[in-house]
Amino acid sequence: MRNTYQTPVLDELDPTTGDLELEERHSLRRVAGLSTELTDVTEVEYRQLRLERVVLVGVWTEGSVEDADNSLTELAALAETAGSQVLEGLIQRRKQPDAATFIGRGKVDELRDVVVMTGADTVICDGELSPSQLRNLEQQIKVKVVDRTALILDIFAQHAKSREGKAQVELAQLQYLLPRLRGWGEAMSRQGGGAGGGAGGGGVGTRGPGETKLETDRRRINTRIAKLRREIKSMKTVRETKRSRRAASGVPAVAIAGYTNAGKSSLLNRLTQAGVLVEDALFATLDPTTRRTAAEDGRVFTLSDTVGFVRHLPHQIVEAFRSTLEEVARADLVVHVVDGAHPDPEGQVSAVREVLGEVGADRLPELLVINKVDAADEETVLRLKRAWPDAIFVSARSGAGIPELHKAIADRLPRPAVELRLLVPYDRGDLVARVHRSGQVLQSRHLDDGTELLVRVDERLAAELAEFRS
C-alpha cells in the first residue's frame, strides 16, 4: 500500500503559502455521487466529468508478481489522488495486451461482472489504450473507461496553479484527446449545418451542410492547440531570459528531481524554509519553485524543485513540460530524491533516470538522496546502502541526515576556475561580499591595508579583481 509519510508544517503558528494551497485543495475535493453515465455528449464535454467509484485492471506481461502488484498499487494511489474511490483491482497475465480489448475477451466478461457487483461507474486500465481499445471496452462494459495516461493528465489538470502550468497541462490533454475523439449515442452523427431537413438541421451560422459535431470539436481542438503552443513558446522565452540572467550572475544551480511523492518539496522546505505545498499525494506540486541558499563556506546557489516523475510518464506530459524540465538539464547538479520506504526504490530510480535522459539531464552530476529513512525498515536501509554506497540517507520530516546533505551538496558544487591572492581595501567591502557569494574563499586575514584573501572565482569576476592582486 502507499506510504502515509507526510512532512509536518515547519511553523505551526505561521501558515506558509503551501499550507494555504493545501487547505484550498482539500476544500475542493470531488463530491461523491456525481453522475458519470454515458450520455449523449462528445469526449470534449465528457472528459470534464468527475471520476468516482472505480475498478482497476492491469496486464502483467513481464517481471515478477511483486512488480505487477506494485504497478497496480501505484495506479490505485493515482486514482485516489484524482479523487476516486477504488473498489476492486484485477490483474490479467498475458504475453502482451490484447489488441482489441487490452485484457482479452474472457477477462472483459469477468470485469463486467465485477463492475455490476460493485456498482462502479469507471474502469481505469494500467496502460495507454488505443482509441479502438477504449471504444470496445466501453461498448462491452457499459461504463466509462480511462487509461493510465488520461488519469495522470486529470491529476495534472487539478494541481496546476501557474499560468504556464495550466497551459502545459491543457496542451497535453488536447494532444492526447485528439486521436481519441469520439461520441456516444446520437452525438457521433449529429449534423451541425445545412438548411434542409435531410442534414439534420443546424442553427444559423453553422459551418456548412453535413458537418458532424465530432468534426466541429476536432476543428476547435486543433485551433486551441495552435494557440496554446504560441502561448507556451512566449512563456518559454521569458523563462530562458531569467535562466540566462542567473547564469550570467555565476550562481550555481541545483535541481531537485525524483519520483512523485518522494519528498522533494519537503526537502526543499527543510533546506531553504521555502514553505511550499506538501501533501501525501502523487504529483502534489507541478510548478517549479526556486530558492536561494548558501553553502557552509558562504557560496550562494539556487535550489529548484521540479515536477515529479512516474513510471511510463505520458510523452504528452514530457513534451508539454519540456521547457520546465529543461530547468533540470541546465543545472550544475541534480539532487535525485528517492523514497526509501517505497516497496521498489530501485524501480523509482530507473524511471526517473529514463525521463532525465529524455530531457538531456542524464549526463549531469547526480547526488542520490534516500529520503524517509525514518519510515523504512532497517533491512531495506541496509540493502540500499549496499546498492548505493555514495548516497545520502535523510529524513525531511525529522531532519536526520540534513547536515550531511548540506555538506554533500557543497562538495559537489562547481569550483571556480581562477585562483587569486588579493588585498582588498577596507572601503571595498562590497567586493569581499561578492567573492563570498559567487566564489570560494580559501583563506582570509585582516591586515593594516585591507583584507587579504586567497580565493577561487570565475574568469569574469577575476578580471574585475585584477587590480587588487597581491
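# Exercises on a predicted model

Setting aside neighbours within four places in sequence, Leu 178 touches Arg 218, Ile 221, Asn 222 and Ile 225 (contact means heavy atoms within 4.5 Å). This is a predicted model, where local features need pLDDT of at least 70, side-chain atom pairs count only at pLDDT 80 or more, and totals for chains, interfaces and linings use all residues. Residues are numbered from 1 along each chain as its sequence is written, and side-chain values use heavy atoms, with hydrogens and water left out.

**Exercise 1. Explain why helix α9 is largely enclosed.**

Step 1. Helix α9 covers residues 264–272. Eight of its nine residues are buried, so the rest of the structure largely encloses α9.

Step 2. Name the buried residues: Lys 264, Ser 265, Ser 266, Leu 267, Leu 268, Asn 269, Leu 271 and Thr 272.

Step 3. Find their partners. The buried residues of α9 pack against β5 (253–258), β6 (289–294), β7 (300–305), β8 (333–339), β9 (366–371) and α14 (402–412).

Step 4. Look just past the helix. Gln 273 takes a positive phi of about 55° there.

**Exercise 2. Describe how α3 and α6 pack.**

Step 1. The angle is about 35°, and the axes lie 9 Å apart. Axes are lines fitted to C-alpha atoms, for helices over the stretch in contact, and angles run from 0 to 180 degrees between N-to-C directions.

Step 2. From α3, the contact uses Ser 71, Glu 74, Leu 75, Leu 78, Ala 79 and Thr 81. From α6 come Arg 148, Leu 151, Ile 152, Ile 155, Gln 158 and His 159.

**Exercise 3. Which helix gives the most to the lining of the largest pocket?**

Step 1. List elements that each supply at least two lining residues: β1 (53–60), α3 (65–81), α6 (148–159) and α12 (345–358).

Step 2. Pick out α3, which gives the most, with five residues.

Technical notes: Helices (H or I, at least four residues) and strands (E, at least two) are DSSP runs, numbered from the N terminus. Buried means under 20% relative accessible area, exposed over 50%, partly exposed in between (1.4 Å probe, protein chains only).
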